[in-house]
Amino acid sequence: SPYLPSDVCEGGFLPMTYIDLQYGEIATIDALWVFKEEISEDRLKEGLELLLTELPSLAGRINSKRCGIDLTNDGVPFYLQEASGSWKDFPREIEPRNSYLDKPEILDMFNGTAPVMTVVLTHMMDGGCVLGVTVSHMVAGGNGFFAYVMPRFAAFVRTCDPSAITEKDL
C-alpha cells in the first residue's frame with residue numbers, strides 16, 4: 001500500500017528538462033542493502049514519511065506532456081515480504097536480486113500511471129533483511145540518489161526526528 005508524506009500539499013508541479021525525460025525512458029536506479037539484523041518496519045516508514053515531506057517529487061507522478069512531476073502526493077508503495085534464505089547467502093547474480101525489488105514498468109512511470117519510487121523490505125529467515133529501493137532516473141541521478149536521497153533517508157530512519165540531523169549524519 002502507498003506510504004504518503006504527511007504535510008505535502010497536492011496540486012504542485014515541478015518542471016524537469018527534456019534530458020530528464022529521455023533518461024527516464026530507459027532507466028531506473030535499483031539499490032539493495034543487506035542487513036544482518038532486522039530493520040524496524042515502523043522506523044523505516046517514519047523515515048520514509050520524513051523523506052517524502054522533504055522531497056515530495058518522490059511521491060508524485062511523471063507528467064511527460066508538461067515535462068515535469070505532478071506533486072500528487074500519491075505516495076510510495078511500501079511492500080513487506082519474507083524470504084526463506086539467509087542474509088549471508090544473498091544472491092550474487094542480477095536476476096535473483098530482482099525478487100527483492102518492485103520495478104514498475106518504465107513506460108508506466110513515464111506516462112504517470114506508476115510511482116517514481118518503490119520500497120521493499122524483505123525479512124530473511126535468520127533475522128536479517130534486505131531493503132530494496134527503485135527510483136525513476138527521471139527524478140534522480142545515481143550520484144544524487146546515493147549521495148543525498150539514501151543518506152538522508154537513513155538519517156531519518158536512525159533519528160525519526162529531522163531537527164536532530166546534523167551535517168555529520170549526512
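1. Start with Thr134. At 1% relative accessibility, Thr134 counts as buried, where buried means under 20% relative accessible area, exposed over 50% and partly exposed in between, with a 1.4 Å probe and protein chains only. Thr134 sits in strand E8, residues 129–136. Helices (H or I, at least four residues) and strands (E, at least two) are DSSP runs, numbered from the N terminus. The side chain of Thr134 makes a polar contact of 3.1 Å with the side chain of Asp30. A polar contact is a pair of N or O atoms within 3.5 Å; within protein, one must be able to donate a hydrogen and the other to accept it, and residues adjacent in sequence count only if both atoms are side-chain atoms.

2. What else does Thr134 contact, leaving aside its neighbours within four places in sequence? The list includes Thr28, Ile29, Leu101, Asp102, Lys103 and Pro104. Met109, Val116, Met117 and Thr118 are also on it. Contact means heavy atoms within 4.5 Å.

3. A word on the source. This is a predicted model, in which local features need pLDDT of at least 70 and side-chain atom pairs count only at pLDDT 80 or more, while totals for chains, interfaces and linings use all residues. Residues are numbered from 1 along each chain as its sequence is written, and side-chain values use heavy atoms, with hydrogens and water left out.

4. Now the overall layout. The protein chain has 5 helices and 8 strands. From the N terminus on, the order is β-β-α-β-α-β-β-β-α-α-β-β-α. Of the 170 residues in the protein chain, 42% are buried. Among contacts with a separation of 6 or more, 75% join residues 24 or more positions apart.

5. Thr122 is another buried threonine, with 0% relative accessibility. Its place is strand E7, residues 117–124. The side chains of Thr122 and Gln81 form a polar contact of 2.9 Å. Not counting residues up to four places away in sequence, Thr122 also touches Glu82, Ala83, Tyr100, Gly128, Cys129 and Val130.

6. Tyr100 belongs to the loop between helix H3 (94–97) and helix H4 (106–110). Is Tyr100 buried or exposed? Tyr100 is buried, with a relative accessible area of 9%. Beyond residues up to four places away in sequence, Tyr100 touches Thr122, Gln81 and Ala83, among others. Leu32, Phe90, Pro91, Val120, Met124, Val130 and Gly132 are also touched by Tyr100. Tyr100 and Val133 are 33 residues apart in sequence, and their C-alpha atoms are 8.8 Å apart in space.

7. Next, the helix pair H2 (residues 41–54) and H5 (residues 142–159). These helices pack at an angle of about 130°, with their axes 8 Å apart. That makes H2 oblique to H5. Angles under 35 degrees count as roughly parallel, over 145 as roughly antiparallel, 65 to 115 as roughly perpendicular and the rest as oblique. Axes are lines fitted to C-alpha atoms, for helices over the stretch in contact, and angles run from 0 to 180 degrees between N-to-C directions.

8. Which residues make the contact between H2 and H5? From H2 come Arg43, Leu44, Gly47, Leu48, Leu50, Leu51 and Glu54. From H5 come Tyr148, Val149, Arg152, Phe153, Phe156, Val157, Arg158 and Thr159. By class, the contact has 9 nonpolar, 2 polar and 4 charged residues. Ala, Val, Leu, Ile, Met, Phe, Trp, Tyr, Cys and Pro count as nonpolar, Asp, Glu, Lys and Arg as charged, and the others, Gly among them, as polar.

9. Glu37 lies in the loop between strand E3 (28–35) and H2. Glu37 is exposed, at 56% relative accessibility. Leaving aside neighbours within four places in sequence, Glu37 is in contact with Gly127, Gly128 and Cys129. Glu37 and Gly127 are 90 residues apart in sequence, yet 5.7 Å apart in space, C-alpha to C-alpha.

10. Ile19 is also exposed, with a relative accessible area of 52%. Ile19 is found in helix H1, residues 18–24.

11. Last, two backbone angles to check. Most residues other than glycine have a negative phi. Cys67 has a positive phi of about 60°. Cys67 is in the loop between strand E4 (61–63) and strand E5 (68–71), and is buried at 4%. Asn73 also has a positive phi, near 60°. Asn73 is in the loop between E5 and strand E6 (76–83), and counts as buried at 13% relative accessibility.
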